[in-house]
Structures are given as structure tokens and as C-alpha cells.
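Good morning, colleagues. Please take a moment with the sequence and the structure, and then I shall go through some points of the fold.

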Amino acid sequence: VDSDSSEEGIYNTIQAAIDYIVAEQAKEGYDDSTEWVVEVAAGEYNRFLVPHGVSNITIQGQGDATVITTLNDSELDVKESEKHNSDGQGIIVWGADITLKNLKIVSGEDTAGVWYASAVGTQDGMWGSSDEAYTSLNLVDCTFEGSGSGYAIMPQRGAFRVEGCDISNYEQAIYFACDNYYTAECQIINNTISDCIYAIHGYYGTGSDETQPMVIRDNVISGK
């Protein structure tokens with residue numbers, strides 16, 4: 001993906017690349033073990049939605065040179081019906097085993113009056129997390145730069161990993177409100193969190209024989 005490219009086969013938006021993968025995975029005979037990597041060039045990009053039913057995608061940028069803006073009253077480039085009345089104005093991830101890596105995610109102050117306003121989130125008020133509830137959302141080596149409002153990361157599912165991220169200036173850095181889930185594989189490792197009212201906050205509401213302890217280690221947390 002390159003916002004400035006006119007070369008054939010290179011998409012100008014992250015959403016267009018995801019839409020291509022959605023179409024490929026829907027084809028008869030598709031090998032669901034295929035691992036997809038969306039390489040995103042340096043530049044500024046709109047936020048995007050990874051829909052239910054897709055899996056095994058890594059969206060990888062060039063560090064702080066690949067910037068995605070959220071919580072700024074922007075529109076997703078999808079049909080209104082595809083939002084499920086659950087647009088928290090950030091990157092929405094509903095697919096299974098999705099990784100965001102080496103991206104800079106910048107957030108404004110616009111929460112649109114919804115409690116789940118987040119730079120990256122999995123909230124779906126219509127479907128819940130569906131079949132993806134215990135597949136992992138992975139945030140790796142990303143920078144989150146807020147404006148004092150909303151959440152940086154809101155993983156509403158029983159498996160997620162936040163590792164090597166730098167998160168600053170949100171109401172909450174990592175928030176999970178998982179009434180109907182248990183912790184299967186949740187990891188918050190080696191992050192730097194600063195100037196957030198809550199660094200790590202949330203709860204899980206059910207138990208299971210498969211419940212695993214949440215791993216929280218080697219994080220550096222500081223205030224103003």
C-alpha cells in the first residue's frame with residue numbers, strides 16, 4: 001500500500017488492500033492457512049475495518065513514518081451497513097488473528113459520544129466478537145499518540161497481545177470490558193505507557209477450565 005503510488009497492483013488505501021484479501025478468502029477452495037502481509041509505505045492513511053470472516057493478516061508499516069489518524073470524525077471507506085452501528089472512529093478489527101505492526105496511530109479528541117471510542121478496537125454491538133472471540137488481536141511495535149480522550153486499545157475478546165508499543169496521552173491506554181469472555185491468551189508485554197489516566201484497566205466476566213492467567217510484564221508506566 002502506498003498513498004502516492006499510481007503503479008498497477010499497489011493500493012492507495014489500507015482498506016482497498018483488505019477488501020482484496022476479503023474477496024480472495026471468499027473464493028471456493030481457498031487455503032485458510034495462507035498468511036497475508038499488507039506492507040504499508042511511509043505516508044498518511046485513513047483508518048480501516050477488518051471485517052468478520054477474514055483471518056491471518058499482518059498490516060505492517062514503516063514505524064513513525066506510517067501514520068493513521070483516528071478519533072477525528074473521519075469516515076470509514078465501507079458501506080454504512082458494514083459498520084454494524086459500532087463505529088468508535090478508530091481502526092476496527094473483527095477478523096481472526098490480525099496483527100498491526102510498526103504503525104503510528106494518532107488520535108484526536110472526538111469520541112462521538114460513545115463509550116467504546118478507541119484508536120484500535122474490536123467492539124461490535126450487533127455481533128459481539130462472534131467466531132473470532134478467542135482469536136488474537138496483536139499490536140506490535142506501534143506508537144499511539146492521543147489527545148487526552150478515548151482509549152488507545154480496546155480488545156473485546158479473550159485473546160490479545162500488546163507488545164513493544166509506545167502509548168501516550170489517552171484517557172485509558174488498554175481497556176477491556178469483557179463481560180462474556182474468559183482470559184485465554186492475553187499478553188501486555190514490554191510497552192511504554194505515559195500520561196494516561198488508566199494504563200491497564202478492565203475485567204473478564206466468565207470462567208472456564210481453559211482460563212489462563214493474563215501476562216503483564218516489563219512495562220514502563222509513568223504520569224504527567
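Predicted model: local features only at pLDDT ≥ 70, side-chain atom pairs only at ≥ 80, totals over all residues.

In which strand is Val 106 found? Val 106 belongs to strand 8, which covers residues 104-107.

Beyond its neighbours within four places in sequence, Val 106 makes contact with Val 67, Ile 68, Thr 69, Thr 70 and Glu 145. Thr 143 lies 37 residues from Val 106 in sequence, and in space their C-alpha atoms are 8.1 Å apart.

Seven strands make up an open sheet, with parallel pairing and the order 1-4-7-10-13-16-19. Its edges are strand 1 (36-39) and strand 19 (215-217), each of which pairs on one side only. From one strand to the next, the twist averages 10°. Helix 1, residues 14-25, packs on this sheet and touches strand 1 and strand 4 (55-60); the direction of the helix makes about 160° with that of strand 1.

Within the sheet, strand 7 (residues 96-101) pairs with strand 10 (residues 137-140) in the parallel sense, over four bridges. Thr 99 has Asn 138 as its bridge partner in strand 10.

Taking Phe 144 as the example, and not counting residues up to four places away in sequence, its contacts include Ile 105, Val 120, Leu 139, Ile 153, Cys 165, Ile 167 and Tyr 170.

I close with the aromatic residues. How many aromatic pairs does the count give? The count comes to eight. One of them is the edge-to-face pair of Tyr 20 and Trp 36, at 6.2 Å centre to centre with 75° between the planes. This pair links distant parts of the chain, with Tyr 20 in helix 1 and Trp 36 in strand 1, 16 residues apart. Tyr 20 is partly exposed, at a relative accessible area of 36%, whereas Trp 36 counts as buried at 18% relative accessibility.

Tyr 134 and Tyr 181 also form an edge-to-face pair, with 6.0 Å centre to centre and 90° between the planes. Tyr 134 sits in the loop between strand 9 (118-121) and strand 10, and Tyr 181 in the loop between strand 15 (172-178) and strand 16 (185-189), so the pair ties together parts 47 residues apart in sequence. Lastly, ring pairs join Tyr 11, Tyr 20 and Trp 36 into a cluster.

Note on methods: Residues numbered from 1 in each chain as written. Heavy atoms only, no water. Helix = DSSP H or I, 4+ residues; strand = E, 2+ residues; numbered from the N terminus. Contact = heavy atoms within 4.5 Å. Pairing = 2+ DSSP bridges. Axes fitted to C-alpha atoms, helices over the stretch in contact; angles between N-to-C directions. Phe/Tyr/Trp six-rings, centres within 6.5 Å; stacked < 30°, edge-to-face > 60°. Buried < 20%, exposed > 50% of the residue type's maximum accessible area, 1.4 Å probe, protein only.
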